[in-house]
Amino acid sequence: MASSILRTEKLCKSFSNGGLQQHVIKNLDLEILEGDFTIIMGASGSGKSTLLYALSGMDKPSMGKVFFADKEIQDLSNDELAVFRRGNCGFVFQSIYLLENQTILDNVLTGALIVQKNSPELVKKAQELLKKVGLSEEMWNKFPNQLSGGEAQRAGIVRAVINDPKILFADEPTGQLNSASGKDVLDIFTEIHKNGQSIVMVTHDLKTALRGTRVLFLRDGSVAGEYRMDPYDGNGSKSRRSGLQSFLDEMGW
Amino acid sequence: MVIRMKILRLSLFNLRKNKREAAAIVFLTLVTVMLLGTALTNILSMNRVFDECFRATGSCEYYMEFKEKVYRSLYRDILEEEYGIKEIEKFNLLFGLNINAVRGDGEKIAYHFSFMTEEAERRTEDFVILKNLAEDEISSLAHPVWIPTGVYLSGGYEPGDAFTLVIGGRDYPFVVAGVFECGLGNNSGYGYKLIVSERDYELLHGLFDEYTCLAFDGGEDFDPDAYVEMCEERSSENLKSDMNIASKRAEEGNETSYCQLFMCFAMIMAGITMAASVFLIRHKISNDIEDQMQQIGVLEALGYRSREISLSYILEYVITAGTGSILGGVGACVLSPAMDSFIGGLMGRILHRAPDYAKILATAAAVVALTTLFALFKAREIRKYPPVIAFRKGIRTHHFGRNILPLAKAGKNINVTLAFKSFFRNMRTNVGTGLCVVLAGTALMFSTSGWDFFRGGTGTIIGVMGMEIADERIILLDGVDAYAFADEIKSFPGVRKTLVTYNWEYLTVEGNDRSTDVVVYDDFDETENIFLSEGRFPVEDNEVAISLRRSKDCDLHVGDSITVEGKGTRKSLIITGIIPELANNKYNIYMSAKAYLRCVPDARPDTVEVYLEDGVERAGFERSVTEKYGASAKDRAEKAAEADDPEQRIRAIADEKMATMITNYGVSEIDYSIVIGDKVISGRSSGFVIREMNSYLELAKVQIEPIEKLFMVFCIGGAIFVSVVVAAILAIIAASNVRRQRKELGIMKSMGYSSKDLMKQLAISILPVTVTAAAIAAVFGSWLYKSFWLVGFGIANDANVAVLVITAIVLVIFCYIVTYLAAGKIRQVSVTELMTE
C-alpha cells in the first residue's frame, strides 16, 4: 500500500469578511497518498482552491494540522514555508503566472536555481523537459507574451516539475485554455503521473477529472465523497466517464 | 461638475491608497519650501539688514585712523576739498591688537579692541543702548565699560558682568555697564569698539597706540585706497603701516560673506530636496499609470477624456505639494527668526525684523507651481493609452527585447543574477534614482569633508591661513639685533625654535590697488604654517610667492613677474610659488629677506617668532622673558605711577615718557639727565629691548572657533539631512517597486523564494546605481568642496580622499540597508493573492 505524503487533521480555514467569519474549510481530515493523482472537485465557493493552498503551504490554516511526510508545516514561518515549498512542491496555476519579463527558459531556470546549483546538466534537463512538452528550441528564448496560452501553460508545467517535487499542485490548469490546448496539457500531466509523480489538482471539468486516480468532492468545506479510478491509460474512457459521472451526480454536482 | 467631483474622488482615492508616498512628498516639499524660503529671504535681505543697522545707530560709514605721529590736518582738507565731504568728526581712539578679555567664569577670549570715550562715540553715532545697568549702579563702578553687540553676542556678557582685560600680563578689572548697538567698529577682523570713562581712557593711553580718527560718510563713490594714496603723496608719509581704515563696505563684506556661504549651503540642500521631490513625483506618476492602466482604460471606455484623467493625477500632486508648501511656509516663518539669530550671531549684530511673509508665500507658490508643472508633463503620458491599449496594460508589460543576463549562464548566486536582471530592466528609474543619489551624495561628501577638516581643530585652519602663527610673537625695539635676540631666546628652556621676521609691512604691487601685506623670512622652509599649492618658496632676491587669491584674480602664475613698489624703489620679481591664504585680505605676497631688502633697503628685522615645546605654557615663557629682559615698553609705562621712592618715581616717569615716545612715535633712542639739587638722575632707552609680546595663535583661535563650531553644526546637520532625504527617496522607490511587482513577487514566492531572498534581490538591484552615483558624488563633492574654499576663502583646500572613499562606501551600505528594510513590504505579499486574481 502507498504511503501517505500529505495529511490533515481537523483542518479549518476561515476568512473575515466585513467582520463576519466565513468558514471555508471545516475540520477536514484528509490523506493524500504518494503516487496518487488526486482530483479535488466541488461547486464554486466550496473551498477547492483554499484547500489546495493550505495543503501546499502557500497559506496557513486557521486551525488544525497539516503533515507533509509526517512533518507538521502549519506553524512554519512564511520564510520557512518558502524553503519547504522550494524543495517539495511544484505549482501549476490557472492563470499560468509566468514571469513576464523573463524568457521561457529563464522562467524554468528561475524555479530551478533557487534549489539547485547552475550546471550544464541542469540547463540541459530544462531544455529536454521543454522539448518533451512540445516547446521547440526557438521558443526557449521567447517571452511569455509571445506564446499561446497552451504553450505558456506547458512552460508552466516544466517550471513546476524541474526540481522533481515530491508533490505537484495544479489549480485548474486548463481553465484558460481551449479544448485542444487543454487536452495537450492534460496529456502531459498523465505522462508525469505515469512516471510516479504525486499530483493534487483542483478542477471543475469532468474531462480533466477523468485523468485522476482519486476524486474528492468538496461541499461546504468538507469532503462529501470520494471516488477511486485506475490510472488513466486512454482506454475504456466511456465506462470511466460514466462511473465518475454517476459519482458526481450522487454528490449533487 | 459631476466629472470634476469624480476627478477629485479619484485623486483622493490615490492619495489614500499610497499614504506613505504622499506623506513623503509632503515632507520633501515642506523641507524644500522651509529651507528655500528661509534662505532666499535672508540672503536677499542680508545687505539691507546692514543698511538698517547703520541707519538705526546713525553710524558714520568710514573711520580713517591715523597714528598720532603721522596725522596731518592736510588729510581732513583733502576730504573736504577733493571729495566735498563737509561733515567730518575728528576724535581720538586707542587701538590694541589681541587683547584677552576674561569673563567672571575665567574664560579668556582675545579680541582686537579700540577704546573711545562716550563723548567721542556720540560724535560718530547715536550710542543706542540695548541694555544697561541702572544709573546709580553705573556711577558706583570704578571702571565701567560699554560693549558693542558683537562682544555681547560672542562673549555672552551681560550688564554687571566682570570684563577683565589682560594687558601686558596685568589685569584691568572693568565691569560691563551696558551693551550698545554699533554700526562701525563691531567686527572681529577690524576690532570692536569699547566705550570707557575719560579717566580709564587716560589710564589706557600709555598702553596702546593712540590714533586720530576722521569719521564721515563717504558715499558710494568714495575710494579709501585712492584717498590714502593722495594723503601719502601730499604728506610724503608712508601711511599704510601707520593707519587703519574701517569702512561700512569692508565690514559688510567681511560679515556677510560667511552668512552668504551658509545660506548657499542651505539652498544647496533645498535644491537637492526639490530635485528629489520632482523625481519622486515623476516616478510615482509613471508607476500609478502603469498600476492603474486597466482602470484608465475603463474610464476612457466610459467616456472620460485623457485630459480629465491626467487632471486627477495632477490634482493629487497639487494637494500633496500644496499641503507640504503650506506647512513649509509656516515652518519658514518659524525658522526665520531663528535664522536671524544665527545670522546676527555671525554678524555680531542684533536683528529686529519680522519674517518676510511675501517672499515665503512666493517661494511656496513657486514650489507648488513647479511641482504641478512636472506632474503635468508626466501625466500627459496618459494620452498614449487609448482604451484598448490600456486594457492590455499598455506595452510596458510586453517584452520583445533581448534577454539580458540569461540564467543559463547565471553565477552561483541566483539572487544576485536576478537582481542584476532587474537592474537592467529598470534603467529609467535607475537614472532618476542615480541623479538623486548623486545630488544628495555630493552634499554628503561636502559635509563629511567639511567635518573632517574642522574636526582637526584650529590647528588645521591655521595650516591654511597662509601666515606663520607661532606660539609667541616678540616685537623688538629699533636697534635691537633680532638675530642675536632670537639666539638667546632659543636657549630658553621649553623653546623649540625661533624665526626672525619683519613686523607687518605694506608694499604696493603694480596693477593692483589693494594694499599688500608682505610676509618675509630668511628661509620659508623653516616656517610651519605656510604651505605651497604650486611651485616653490622664494629664495633669491628677485623672487616672490603670491597668494592663491591674487593668482586667480590677477591671472598670475608661476614664472610670471610682478612689479613691487617699496619706499622709493620699484622692483620686478619672478613668481616662484602660489600660497593658499585665508588670513587678512588674501592678497599677501611672500619674499625672502634678501628680496625684501632690495625693495625696502632701510628695513631691519624686528620680530622674533617663538615656538614652544608641547606642554610649555605661554604665560610661563613670558615671565621668564620679562625676568631677563625687563618688561616691555608698554608694561613699564603702566607701572610708572606705582613707584613710592621719589627717585624711583622720577625714573619710572622718565621710563613712561620714553616708552610712550618709543611705542607711539617711533623714537629709537633717548638719553636723559635730570638735576635735582646736587643729584643727577640720568638714564637711557637702551634698557628697553622688547616693544611688545603677543600671540596670534590665541587671536586666531578666537576668530576661528565660532566659525568652526557653526561649520561643524552645518556639516553634521547637512549629513543627517541628506541621509533622511536619501532614505526617503529609496524607501519610496522600494515600496513602489514592491507594489508594482506584487504579482511577480507572489509568483517568485510560490516557487520557493523567501521574503528575505526577494528583499535581498531588490536591495542588490540598486547597488550598481548607488555605487556609480557614490563614485560620481565623490568627484562632484570633491570639486564642490575645493571650489567652496577657493571662491569663499581663497585657499586651496582639497577634500581628504580617504574621507571621500569612506563616505562613498558608507553611502552605498546605507542605501543597501535602507532599500532592504523598505522592501520589507514584500513580507506582506501573499501567494494566495494569486488565486484571487
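Tutor: Chain B has 28 helices and 24 strands, where helices (H or I, at least four residues) and strands (E, at least two) are DSSP runs, numbered from the N terminus. This is a predicted model, in which local features need pLDDT of at least 70 and side-chain atom pairs count only at pLDDT 80 or more, while totals for chains, interfaces and linings use all residues. Residues are numbered from 1 along each chain as its sequence is written, and chains are lettered from A and ligands numbered from 1 in the order in which they are written.

Student: What is the mean pLDDT of chain B, and which of its elements has the lowest value?

Tutor: The mean for chain B is 82, and 87% of its residues reach 70 or more; pLDDT is the predictor's confidence in each residue, from 0 to 100. Among the elements of chain B, helix H21 (residues 633-639) has the lowest mean pLDDT, 53, whereas strand S5 (residues 144-148) has the highest, 95. Where pLDDT is low, the predicted coordinates should not be read in detail. For the complex, the predictor gives an ipTM of 0.85 and a pTM of 0.72.

Student: Why does B:Thr371 count as buried?

Tutor: A residue is buried if 20 or more other C-beta atoms, placed from the backbone, lie within 10 Å of its own, exposed if 12 or fewer, and partly exposed in between. B:Thr371, in helix H12 (residues 357-379) of chain B, has 26 C-beta neighbours inside 10 Å and therefore counts as buried. Buried residues make up 48% of the 837 residues in chain B.

Student: With which residues is B:Thr371 in contact, leaving aside its neighbours within four places in sequence?

Tutor: Two residues are in contact if their C-beta atoms, placed from the backbone, lie within 7 Å, and for B:Thr371 this gives B:Thr29, B:Ser277, B:Ile281, B:Tyr317 and B:Ala321.

Student: What makes A:Ala69 partly exposed, and what makes A:Asp70 exposed?

Tutor: Both A:Ala69 and A:Asp70 are found in the loop between strand S4 (63-68) and strand S5 (71-72) of chain A. A:Ala69 has 14 C-beta neighbours inside 10 Å, a count in between the two limits, and so it is called partly exposed. A:Asp70 has 9, which falls under "12 or fewer", so A:Asp70 is exposed. Each has a positive phi without being a glycine, near 50 degrees for A:Ala69 and about 70 degrees for A:Asp70.

Student: At what angle do the axes of helix H6 (residues 149-161) and helix H7 (residues 179-194) of chain A cross?

Tutor: They come within 9 Å and cross at roughly 15 degrees, where axes are lines fitted to C-alpha atoms, for helices over the stretch in contact, and angles run from 0 to 180 degrees between N-to-C directions.

Student: How many residues does the contact take from chain A and from chain B?

Tutor: It takes 34 residues from chain A and 29 residues from chain B. On the side of chain A that touches chain B, the elements giving two or more residues are helix H1 (48-55), helix H2 (78-88) and helix H3 (104-113). The residues of that side divide into 15 nonpolar, 11 polar and eight charged.

Methods. Nonpolar A, V, L, I, M, F, W, Y, C, P; charged D, E, K, R; others polar.
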